[in-house]
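This briefing concerns the packing of helices and the pairing of strands in one protein model. Please keep the sequence and the structure in view while reading.

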Amino acid sequence: MITKIVMKNLMCSTCAGKIERELKKLPNINSATFNFPNQVMLMDVTEDFDETDALPKIKEIVDSIEDGVETYPYSKRNLIETKKRIDTYYTFFIGVTIYIIGFLLQYFNIYWIEYSLYWVGYLFIAYKIMSKTIRGLKRKDFFNENTLMIIATIAAMFVGHPYEAALVIILYTAGEYLQHRAVHRSKNDISNLIDLKVEYANILENDEIVIKDPMYITKGDIIVVRNGEKIPIDGFIIKGTTSLNTSALTGEAKLSTVKKGDYVLSGNINVGNVIHIEAKKEYKESTISKMLDLIENSTTHKAKAENFITKFARYYTPTVTALALLMVIIPSLVNPSGYQDYIYRAAQFLVISCPCALVLGIPLSYFAGIGASARRGILFKGSSYLHMITNIDSIGIDKTGTLTHGDFQVSDYTSDLALELAASVENYSNHPIAKSIVSYYKGPLKEFDNVTELPGFGLVVEDKQGKILVGNRKLMNKNNISVKDKKTLTGSNVYVARYGKYIGKVVVSDTIKNSSFNTLRRLSYEYDITMLTGDNDAIAKEVSMELGGIKYRSDLLPEDKIDAFNDIESKGYKLFVGDGINDAPLLKQADIGVAMGDGSELAIDVADVIIMKNDIGLLEKAFRIAKKTKRIVYQNITISLGVKALFLLLAAFGISRMWMAIFADVGITLIAILNSLRLIYSKRL
């Protein structure tokens with residue numbers, strides 16, 4: 001099970017990775033992943049996990065790795081007034097002042113005082129980094145960026161380069177501060193993009209409005225939503241007509257007009273008149289609550305690149321430390337008189353080799369990609385899916401409700417009796433075709449007691465005289481009913497039989513969404529697309545031809561869809577798009593399952609990607625964002641490793657200086673951060 005611990009003010013990506021690894025060592029914690037936008041550590045724990053007992057140890061781990069982090073249970077996030085973090089840099093500035101005094105003393109030729117002041121100033125300037133290094137050593141974390149900095153600068157001090165040693169620490173500290181600011185800014189940007197939280201609800205009690213926390217809304221409560229307020233709970237409008245801004249959920253800027261009787265979702269903003277809503281769910285079951293939960297859990301599935309870099313950094317740092325040591329030992333054996341130069345080169349080598357650009361820039365790229373998608377109404381449940389979707393080559397896609405409106409209309413029927421029986425029996429089903437027949441029929445409905453729905457076939461009623469069958473041809477064949485009418489090619493045929501005799505049929509039709517035409521045409525240039533439908537071959541073929549002749553498989557029962565999807569050939573990953581309950585097994589089994597936002601709750605729960613607006617065109621946008629995210633991740637990796645490799649060579653041959661080493665570390669890290677943030681601010685996605 002998943003439990004959450006808030007770690008407020010944790011801005012250091014490297015530190016978050018260390019905390020994750022340390023938490024995994026605790027009993028009853030299988031894995032841990034930190035979510036920067038929400039400042040929450042998600043932990044997969046066993047049933048024996050006791051939060052109260054574990055929290056002190058968790059806080060101890062956090063405090064041993066990073067200063068100023070406030071750690072407390074997620075359940076108390078609204079009760080704890082967090083303190084604003086104030087980074088104390090006073091020791092740093094004291095050290096800089098002492099250094100300046102030492103620098104001025106060089107004009108008085110008092111060398112021992114001058115160099116003593118340099119060492120004292122160094123201790124003050126490097127106090128925070130030393131503190132982190134010592135805490136790391138206590139945890140047996142011998143090789144990290146802080147250790148590299150301390151070794152490098154102490155080496156520089158010993159070989160008579162106090163200014164450069166101080167410059168390394170000063171620029172590293174400044175760079176670290178800028179990194180924290182950039183991460184903090186990006187965290188806020190992403191959080192703002194997905195700012196769905198509803199702070200309060202106006203509940204009507206005894207003709208008076210009482211303001212309550214949405215958590216205390218119960219089914220049946222009457223909620224009053226004024227102009228500019230967010231709808232706090234899903235429900236039906238019982239009074240008023242207004243316009244809603246649905247962009248927070250769907251990414252669609254166009255306003256939606258709603259009236260009495262319409263079902264509205266929490267998270268939408270009322271931009272018109274006052275409306276009254278009858279709550280149909282509790283807050284934790286509402287759309288807004290589920291969205292927030294999905295976003296907070298979106299970092300539980302990390303991309304391969306993220307996992308690779310985490311493992312890479314673990315082995316990379318000890319390796320470069322060993323290489324730096326060899327850079328001193330081997331040439332000193334040949335030419336002992338040049339040992340100071342070798343130590344200086346090794347110090348540069350250590351500064352350059354800090355892996356900050358990799359361990360910070362790559363996770364930030366995925367955060368930005370998920371945030372940019374969420375702003376456009378596409379929710380990835382983890383960076384792994386954001387990465388995997390770029391390797392898709394085959395797409396399976398449901399027809400009804402995904403490519404078509406799923407809004408069926410009765411277009412024909414053979415007799416009044418057939419229509420009456422069909423409507424009376426279909427009244428016991430929630431299928432869209434059933435609802436369209438019931439809605440079309442205006443007469444009184446017959447009532448039945450013993451009704452059975454057979455998925456993929458239809459409905460069966462049993463009474464004293466026998467069976468009444470309403471469904472497809474398979475249902476008729478299964479019961480040895482001879483169907484005498486020819487099939488109608490322009491819609492779905494619902495056949496009716498009573499007591500072993502065929503009565504007639506009702507024909508319903510569906511229409512293709514406008515967005516399906518262009519989207520599938522463009523996607524078909526790059527992907528192998530197959531429509532999977534339970535409709536008969538004639539209807540499937542007709543829809544396929546209208547969509548440009550895409551492949552299709554017809555007459556599929558829910559279990560047949562899985563086999564048909566598995567039959568699709570692929571050299572990469574396969575993706576399935578669906579919306580109904582019958583699509584849920586395939587959404588879960590596919591490499592990537594994409595659920596349409598208006599689909600069933602089960603489909604949304606098991607899918608890996610959710611398109612909040614019921615528009616297949618957003619699938620194309622999801623591909624674009626994922627590909628751009630992947631490009632930026634690879635750019636960050638290439639730039640970081642390429643520049644570092646170049647400067648490491650320069651340092652090894654004694655060509656570089658310490659300021660160049662600083663650029664290769666801090667400068668490249670900032671470039672990687674800024675490159676990642678392009679995903680948030682880009683308008684061309």
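Two strands count as paired if DSSP finds at least two bridges between them. The model is predicted, so local features need pLDDT of at least 70 and side-chain atom pairs count only at pLDDT 80 or more, whereas totals for chains, interfaces and linings use all residues. Residues are numbered from 1 along each chain as its sequence is written, and side-chain values use heavy atoms, with hydrogens and water left out. Helices (H or I, at least four residues) and strands (E, at least two) are DSSP runs, numbered from the N terminus.

**Strand S9 and its partners**

- S9 (residues 242-245) and S10 (residues 256-258) pair in the antiparallel sense over 3 bridges, and threonine 242 stands opposite valine 258 of S10.
- S9 also pairs with S12 (residues 269-270), antiparallel and over 2 bridges; asparagine 245 has isoleucine 269 as its bridge partner in S12.
- One face of S9, with Thr242 and Leu244, is covered, while the other, with Ser243 and Asn245, is uncovered.

**The six-stranded sheet**

- An open sheet of 6 strands has the order S16-S21-S20-S19-S18-S17, with antiparallel pairing.
- Its edge strands are S16 (409-413) and S17 (451-454), each of which pairs on one side only.
- Neighbouring strands are turned by 20° against each other on average, direction ignored (axes are lines fitted to C-alpha atoms, for helices over the stretch in contact, and angles run from 0 to 180 degrees between N-to-C directions).
- Helix H15 (residues 432-440) packs on this sheet, touching S16, S20 and S21 (501-509), and its direction makes about 70° with that of S16; contact means heavy atoms within 4.5 Å.
- Within the sheet, S19 (residues 466-471) and S20 (residues 492-498) run antiparallel and are joined by 4 bridges, and leucine 469 has alanine 497 of S20 as its bridge partner.

- Ser516, Thr519, Leu520 and Leu523 of H17 (residues 514-523) are buried, that is, under 20% relative accessible area, with exposed over 50% and partly exposed in between (1.4 Å probe, protein chains only).
- These residues lie on the same side of H17 because they cover an arc of only 95° around the axis, the arc being that of the directions from the helix axis to the C-beta atoms.
- The buried residues of H17 pack against S15 (392-398), S22 (528-532) and H22 (617-652).
- The axes of H17 and H22 come within 8 Å and cross at roughly 35°.
- Ser515, Thr519, Arg522 and Leu523 of H17 make this contact with Gly617, Leu619, Glu620 and Phe623 of H22.
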